[in-house]
Amino acid sequence: MEFLLASALGIVTACGVYLILRGRTFSVVLGLSLLGYAVNLFIFAMGRLTSGHPPVIVDQATSYADPLPQALVLTAIVIGFGMTGFIVELALRTRNDTKSDHVDGQEPEQSSGSISASQDGKAT
Amino acid sequence: MTLLTIILLPLLAGTTLALLAARYSRSASAWAVAGVTLCSLTLLLGFSDAVFSGQKIVSSTPWMPELGIDFAFRLDGLGYLFALLILCVGLLIILYAKYYLSEKDSMGKFYALLMMFMAAMLGIVLTENILLTFVFWELTSVSSFLLIGFWNHKAESRRGARMALIVTGGGGLAMLAGFLLLGHVAGSYELTKIFQARDVVQASPLFFPILILILLGAFTKSAQFPFHFWLPQAMAAPTPVSAYLHSATMVKAGVFILARLYPVLGGTYDFEIIVSVVGLTTMAFAAYVAIFKHDLKGLLAYSTISHLGLIVFLIGLSSPLSAAAAVFHIINHATFKASLFMVAGIIDHECGTRDMRRLRGLFKFMPYTATLAMVAAASMAGVPLFNGFLSKEMFFVESLSLSHLGWFGDVAPFVVTFGGVCSVAYSARFVHNVFFNGTATDLPRTPHEPPRFMKIPVELLVVLCILVGVLPALTVAPLVFLAATDVFGGTIPQYTIAIWHGFNLPLLMSAVALFGGLIFFWLLQKRFNLHLHAPKELNGHRIFVHLVESLRAFARWLTALLQNGSLQRYLALLVASVIALGAWPFIEFGYNTGDAPVTGFNPVAIMVWVIAVVAALASVVMHRQRLTAVILVGVVGLTTALTFAYFSAPDLALTQLSVEVVSTALLLMALALLPQVGPKESSNGRRVRDIALAVLAGAGVTALMWAVLTRPHESIAWYYLAESMPKGGGTNVVNVILVDFRGFDTFGEIIVLGIAAIGALSLMDGLKMDRKLSTSFLNPVLLSVAARILLPFALLVSVYIFLRGHNLPGGGFIAGLVTSVALVMQYMAGGLVATSEKLRMNFPKIIGSGVLVAGFTGLGSFVFGSAFLTSAFGHPIIPFIGEVPLASAASFDLGVFLTVVGATMLTISALSGASRREPKLIGAAQ
C-alpha cells in the first residue's frame, strides 16, 4: 500500500507541476488543485498509513492513527479551497482587465509560438 | 543617568523644539536649539571637577542583558574633550546658521537635523558599550546624509549625500563586524572590560581581522586615503554643515574611535605601521591636491583631509607624546578650520561665488572679515604665535623619532616637511587669491561686511586660535594632558607645550615649511598661473563612480536575464530551484530507505490507484478541454477522499468530499466566464522542458514519500491521544486538537480563510463579464425543486455533524462545509443572481461574527484566570435529550463553523456580481 500511495503522489504531483507551467490561468488553477491533493496526502502520510483505527477514543481500541497530521491537513484542505477561490477570481479579474487569460496578462506574440498555436488559437 | 540626559536633550527636546518653534519664527527655532545645547553643555560642565580629578564616570542601565548590551555610558577625559568640542562648536554653528540660511530654506528642518546629528555625535563619544557606539555611529552617517542633501533640489547635493552615506555607512558595517569580533574575543562589549582584556585580544589570531575591520570604519569616516573622495563631494552641503560635520566633529569620529580603542588595539606593530602610513600618505597627498583646488570649500575640504591624516598619523605612533600632539591638534584644527569654513560661507554669501578664479581683492570690501580669515589661515599654515604652530611643531618632533619603523622612519621627516610646505602654499593661496591679487571685476554681487552676529562665531574661534597659540599652558594644556592620558591608557611623562624650545631640527623643519611653502606658492602662481590649471579627478571618486555604475549595470543584466516578464518562466525557475534544493541532501548523503514493514496490496486499493492515476494523466492530456479537465481533477479529489477514509481519517474524508463539491461548483461557475477551450500554444521545446521538470518533481515526491513510509514512526501525537479525554473532554482527537490543543492555530487559520474570501470579493468588485455558455439550459425545474426540499434536511445534517464533532467525526469545519454544499445546491438550481437576491445573506458579516465568536470564546478564559483559549467542559443533563457533553470549545467551534460558511459562500457568491448581465442576455436570446 505504501508503494501505491508514494507512486500515485508522484504521478499526481508531476501532473500538477506540468499544469501550473502552462500559459493559461485556468490550467494553472487545475494544476494547483492537483498539487494541493498531493501535498495534503503527503503531510497526512507523515503519520504513516493505518487502516481501521481512526483517532477516536474508544475503550476497546488498542492503537490509533496519528491524529496530528490529520488535524493539520483538515485546515489545509479548507484553506486550500479559500486559495483556489481567490486564484480563480484573480484569473477572472485578470481576464476582464487585460482581455487575455494568459498568465502574463497579454497574448503571447505569434512569432514566439509554434505554427499549431496560430491554428488552434481560433478555437477560443 | 545624567550622561544619558546630555544625549537625550538634543535628540528628543532639540529635534522637537526646532520643528515646533520654527512654526512661530525662524529666530525662535534658533533660540530653542541654542537653549537645548546650552542645557547639555551645563550638564557636561557639571562633571568637570570629577573628570579633572581623573575619575572615569560609568553609568549603566540594563537593556538586553542576555546579549550583554546595556545602555552604558562613560565620561572620561577623552570623551569630555570631544563632548565639549561638539557642544561649543555646535553653539557657534547654530548662531552662524541663523544668518547663513536664506528665507527659502526650512529653518526647523535644518536645526532638527543638526540636533539629531549632535545627539548622535555625543552618543559616540560618551558610550561605554561599543555596540551602542555603532548605533550612534550610523546615526551620524544618516544625519550627515540628510544634511549634505539638505538642498535636495540640487543633483550635486543628492549625489554627494549618497556617496557619503555609501562610503561611511559601508565602513560602519565593517566596523560593526570588527566590534562583534572584538566583543567576542574580549568577552564583553563594555570598554572597561575590553581594556582589561588587552593582552587576550592582542594575542588572539583574530586580532588582525579585528584591527582591519575597525580601521576600515575609522578611515572611511575620517576620509583617509583612499576613502577620502567623499568629503570633497560632501561640500555640496550648506556651509554650516561643512564647518560642523565635515571639519570640526563628524570626520573626527574616526579619529576618536582610533583614540578610544588605542588602549586595546594600539602599541602593536600592525597598528602603528598601518595607521601611521595611511595617515602620513593622506596628509601629504591631500595637502598637495588642496593647492590646485579653485573652489574655496574644495581647498578647505582637502586641507581637512590632510589635517585628519596628520592626526591619524600621530595616533598611530606608539609614543605618549604623539597622543598628546594628536589630541592637541584635534582642538586646534577644529578652531581654525571651522572659522575658515565660516569665512568661506560669508564670502559665498556676500559675493555669490566661491571660485578663486573670480574672487580677488576682497580686503577692500571686508577688511575685518579678511583679518579674521588671515589669522585662521596663518594658524592652518603653522605660523608661530598661533595654535596651529604648536601642534604642528609637536608633529614634526614625533616624525623624527621613528627609527624603529625602518625605512618608513627615514622617509617620514621628508614627507612631513613636504606636507608642511604644501599646507603653507594652499594657505597662502587662500589668503592671496581671495583678499588681494588685484581688484575683482566679475563678481555676481558687490560684497560688503556680513551682519554683526554672523561674525561673532568666527571672532570667538579666531580669538581662541591666538589665545591658545600664545598661552597654551593657561588654556588647553590640562585638558590635552587629561585626554592624552586616556588615549595612551597609562601614565604619560610630563611635558610642556611651549612656543620656544630652542634652535633644533623641528624648528628648522618649520622654517623650511614656511618659507618653502611661500616660495612654492609664488612659483606656481607666477610661472604656471594656477588659475589655468584644470583639476583632474584622478582619484577614488572616479573609481567609486565606476564601481557604482558597474554594480548597476550588473543588476540590470541580472534582472534582464532572470526577469523577462514571463511568469511561466519564473515559475519554471522556481520549480527547478525547488527540485535542486530537494535533491541536494539525497545527492550529498545518498538515498536509502528504512526497514519498517510495509503492508501488501489489495485489489480495491489498486482500483483506486488506477482511477486516480488515469484521471490525473487524462486531466493533463485534455487540459485544453476545460470542462472535462475540471471533472477529471474532481475525480482525483474523490480518490483523495477515499484514501483518507481508508487510512483511518474519517474527518479528512468528510472534509475533502464536501470541499470537492464546493470547489468543483466554483470552478464550473468560473469556467462559464472564461474560454471553454484553451489554445495549443506551447512550443515542443517548452513542453519537453516542462515534462522533464514535472517528472523530476514527481520522482522526487515519490522517493521522499517512500523514504518516509519505510521508516519507523515516531510522533508527539501520543500525548494528544492520552490527554484528549482528560484535558479536552472529547473523544474525537482530531477535533480536540483543532479546537482545544492547537486552538490558537485554528483561530489564525479561520482568519486567513476570511481574509482570502474578502480578498476575492474585492477582486470581483465592479466586475462585469460576458457569459460564454449558452444560457438556455439554466434553471432546470427538477433540480431546483429537489434542492429546495433538500435544503432543510441538509441543514439538519450539518447541525448533527456539528454537535457530535467533539466526540465523533465532524465538527465546525465539516458542518460549515456541509452547509455550504447545501447552499451551493441552491445556487446551482436557481442561478447565481436569483439565488443571491433570494438569500440576502451578508457573508462578510457572517465571517466577521464567526471570528468574533471564536475570539470572545478565547478571551472568555481570561475571566476564569486561564490563558487565551483554555477550554472548560462538563456533561450537563438536558431534559428530553439526556446527558450532553458540552465544552466551551463548542462555542469556539461555532465560530469556526460561521467563518467557514461565510468564507465559502462569499467566494461563490462573489462570482454572482460578475454575472449580472445574465438576465439581459436571456432577454436578448428570447
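A:Leu92 touches B:Ala670, B:Leu673, B:Leu767, B:Met769 and B:Ala914, leaving aside residues up to four places away in sequence, where two residues are in contact if their C-beta atoms, placed from the backbone, lie within 7 Å. This is a predicted model, in which local features need pLDDT of at least 70 and side-chain atom pairs count only at pLDDT 80 or more, while totals for chains, interfaces and linings use all residues. Residues are numbered from 1 along each chain as its sequence is written, and chains are lettered from A and ligands numbered from 1 in the order in which they are written.

**A:Leu92 in its chain**

- A:Leu92 is found in helix H3 of chain A; helices (H or I, at least four residues) are DSSP runs, numbered from the N terminus.
- A:Leu92 counts as buried because it has 25 C-beta neighbours inside 10 Å, the cut-offs being 20 or more other C-beta atoms within 10 Å for buried, 12 or fewer for exposed, and partly exposed in between.
- The C-alpha atoms of A:Leu92 and A:Phe26 are separated by 9.4 Å, although these residues are 66 residues apart along the chain.

**Contact between chains A and B**

- Chain A brings 84 residues to the contact and chain B brings 105 residues.
- On the side of chain A that touches chain B, two or more residues each come from helix H1 (2-20), helix H2 (25-45), helix H3 (67-98) and helix H4 (115-120), and H3(A) gives the most, with 23 residues.
- That side of chain A divides into 51 nonpolar, 22 polar and 11 charged residues; Ala, Val, Leu, Ile, Met, Phe, Trp, Tyr, Cys and Pro count as nonpolar, Asp, Glu, Lys and Arg as charged, and the others, Gly among them, as polar.

**Nonpolar cores**

- A nonpolar core is a set of buried Ala, Val, Leu, Ile, Met, Phe, Trp, Tyr and Cys residues joined through C-beta atoms within 7 Å.
- The largest nonpolar core has 206 residues, of which B:Ile315, B:Val327 and B:Ala376 touch the most other members, and its largest share, 19 residues, comes from helix H17 (residues 320-351) of chain B.
- B:Val327 touches B:Leu81, B:Val480, B:Ala483, B:Ala484 and B:Val487, again not counting residues up to four places away in sequence.
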